Amino acid sequence: MESIIESRFYTKGSLVFREGEQSDSLFVVNNGLIKLTQTSKEGKQHILRFLFPGDYFGQFALLHNKHHYATAEVVESGSICRMRREDFMPLLASNADLAFSFLMSVSEQLQQADELAGALHIFEAEKRLARLLLHLYSKQSLLSGGEEYSLHLPAAKKEFAAMIGTTPETLSRKLKKLEQMKIIRMNNRIVTILDMLSLSQIAEITV
């Protein structure tokens, strides 16, 4: 399988692909950080989600032979692995175990995306923030080994606020409130979770 995998280093700010482009590949984040965005008719950019090492993307356009529904932009420089359709599809067809594993992985990633998207549209701002912080921690703790309850906010406050459907001012107030409650500690973009149970209760997630 290694023979069909291409690896390329992308610098911060570069694009892996643009919204509307035809897909011919499956991409996997090896290291670095990617954000998926969509642009409205008014030209406003909206962040859909962030992709961390181990996450893959482009699979839906690839499998359905459609155009990309989002733009993939590099937030932190790193390498991305690529498997082209002409190599990947025959491999799936000839390897039942690989096909099943890929299907389960797609299903799990879709479920996580749906759950997060639903939470960020239904709940009040404080709960949306708590859920997003826990989501980011769960992704980043896999990389650090979970030695401490810390995470790095992967976007500026304006972008981060947009992800939970609020304003930067409201986001700042909510973060400050969590600090005053001694649930988190902020240091620029580094968030340390001091009380995981309380944050999970705000998010209404069982730990």
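Analyst: Here is a short walk through those topics; note that this is a predicted model.

User: Fine. What is the mean pLDDT of the protein chain?

Analyst: The mean is 82, and 86% of the residues reach 70 or more.

User: Where is confidence lowest, and where highest?

Analyst: Helix α3, residues 96–122, is lowest, with a mean of 66. Strand β2, residues 15–17, is highest, at 94. Where pLDDT is low, the predicted coordinates should not be read in detail.

User: On to strands. Which way do β10 and β11 run, and how many bridges join them?

Analyst: They run antiparallel, joined by four bridges. Within that pair, N187 sits opposite I190 of β11.

User: What about the hairpin there? How many residues lie between the strands?

Analyst: Two. N188 has a positive phi in that hairpin, near 60 degrees.

User: And β9, how does that strand run against β11?

Analyst: Antiparallel again, with three bridges between β9 (residues 150–152) and β11 (residues 190–193). S150 is opposite T192.

User: Now α7. Why is this helix largely enclosed by the rest of the structure?

Analyst: Because six of its eight residues are buried. The buried ones are M196, S198, L199, S200, I202 and A203.

User: What caps the N-terminal end of α7?

Analyst: D195 does. One of its side-chain oxygens is 3.4 Å from the backbone nitrogen of L197.

User: And which residue follows α7?

Analyst: E204, with a positive phi near 60 degrees.

Conventions:
Residues are numbered from 1 along each chain as its sequence is written. This is a predicted model: local features need pLDDT of at least 70, side-chain atom pairs count only at pLDDT 80 or more; totals for chains, interfaces and linings use all residues. Side-chain values use heavy atoms; hydrogens and water are left out. Two strands pair if DSSP finds at least two bridges between them. Buried means under 20% relative accessible area, exposed over 50%, partly exposed in between (1.4 Å probe, protein chains only). A polar contact is a pair of N or O atoms within 3.5 Å; within protein, one must be able to donate a hydrogen and the other to accept it, and residues adjacent in sequence count only if both atoms are side-chain atoms. pLDDT is the predictor's confidence in each residue, from 0 to 100.
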